[in-house]
Amino acid sequence: MFIPRAIAAAATLASGVLVPLYLDPQSGPDCTPWAPLISTIQAHPTVPFWVVINPNSGPGNRGAQAPAAYQQCVPKLRAANVKVLGYVPTGYGAAKRRGGVLQDTNTYAGWKTAYRPDGIFFDEVSGNAADVSTYANYASQAREVFGRGKGYVAFNPGAAPSSTKYYGLADLLLSAEKMYDDFDPSDLTLGSSTQAQKQAVVLTDGPSTPPDSLIETLITDDHIKAFYVTDDTQANNGNPYDSLPSDLDDFVAAIQSAQS
């Protein structure tokens, strides 16, 4: 897709949206389950998006190309304001998972250019000081295999890690992933070694309209890097990432407005 130079240059707002896009896009010309996100990205070219794709708790078959639907639909996410990240679970630093993490990372990196991610979203990050070297290795490998040292690295410990070294290893760190009613901005640790501009917040079981007050606090006041709220639910063992938020475009518009 051609992106006019003026629009590409404008995609520079400091804060944006981290989207756990754990939906199968399905085959077909419209990539229907992803269509609301695709149209929202196009409607807000100045808002950064970090979109996490997850074919099968990772890339799918190791050493293989992407599933057919992803080959067709990932290119539709491409825009100057989008980073596409491949999901890789790390088993909270468990030694038995280390080989699999490296293999999953290499599999994504081996996808053809049209649908290859820009980097990796490492999930199940332990955040423990004892595991810093393990995650440093994961980050180093991801940077190298995606863009010769320029691959994008995101970590998800789901809460503030016990070691601040994790902030230095990642480009983006998900420091709060929880239900909307359980979150308070004071949960975040913001400081010189825990920079707001590296942190993301993802909340589930949220309202069906943009939480304007919370957006103002996190985006306008705290200047965190990425925020996402979905009204999809994990209550009663639900999957909060099996649909996109019903108010997605309004939410992104509010993120944009909070920086104007």
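Aromatic pairs number 13 in this predicted model, where rings of Phe, Tyr and Trp (its six-membered ring) pair if their centres lie within 6.5 Å; planes under 30 degrees apart count as stacked, over 60 as edge-to-face and the rest as tilted. The ring centres of Tyr135 and Tyr138 are 5.4 Å apart and the planes stand at 90°, so this pair is edge-to-face. Both residues belong to helix H5 (residues 132–145). They are three residues apart there, about one turn of the helix. Helices (H or I, at least four residues) and strands (E, at least two) are DSSP runs, numbered from the N terminus. Tyr135 and Tyr138 are both buried; buried means under 20% relative accessible area, exposed over 50%, and partly exposed in between (1.4 Å probe, protein chains only). One aromatic cluster is formed by Phe122, Tyr135, Tyr138, Phe155 and Tyr166.

Residues are numbered from 1 along each chain as its sequence is written. Side-chain values use heavy atoms, with hydrogens and water left out, while local features need pLDDT of at least 70, side-chain atom pairs count only at pLDDT 80 or more, and totals for chains, interfaces and linings use all residues.

Phe155 also stands out in the largest nonpolar core, which has 78 residues. Such a core is a set of buried Ala, Val, Leu, Ile, Met, Phe, Trp, Tyr and Cys residues joined through side-chain atoms within 4.5 Å. Phe155 and Phe227 touch the most other members. Neighbours within four places in sequence aside, the contacts of Phe155 (heavy atoms within 4.5 Å) include Phe122, Tyr135 and Tyr166. Among the others are Val125, Ala139, Leu169 and Leu172.

The count of disulfides (cysteine sulfur atoms within 2.5 Å) is one. It joins Cys31 and Cys73, with the sulfur atoms 2.0 Å apart. The torsion about the S-S bond of Cys31 and Cys73 is about -95°, so the disulfide is left-handed. Cys31 sits in the loop between strand S1 (17–21) and helix H2 (35–43), and Cys73 in helix H3 (residues 68–77), so the pair ties together parts 42 residues apart in sequence. Both cysteines are buried.

Ser27 is found in the loop between S1 and H2. Ser27 counts as exposed, at 60% relative accessibility. Its C-alpha lies 8.3 Å from that of Tyr70, 43 residues away in sequence. Beyond neighbours within four places in sequence, Ser27 is in contact with Ala69 and Gln72.

Strands pair if DSSP finds at least two bridges between them. S1 and S2 pair in the parallel sense over five bridges. Leu18 stands opposite Trp50 in S2. S2 and S3 also pair in the parallel sense, over five bridges. Here Ile53 stands opposite Gly86 in S3. S2 is mostly covered, with five of its five residues buried. Phe49, Val51 and Ile53 point one way from S2, and Trp50 and Val52 point the other way. In strand S3 (residues 82–89), seven of the eight residues are buried, so S3 is largely enclosed by the rest of the structure.

Helix H8 (residues 248–257) has Leu248, Phe251, Val252, Ala254 and Ile255 as its buried residues. They cover an arc of only 155° around the axis, which puts them on the same side of H8; the arc is that of the directions from the helix axis to the C-beta atoms. These buried residues pack against S1, H2, strand S2 (49–53), helix H7 (212–221) and strand S8 (226–229).
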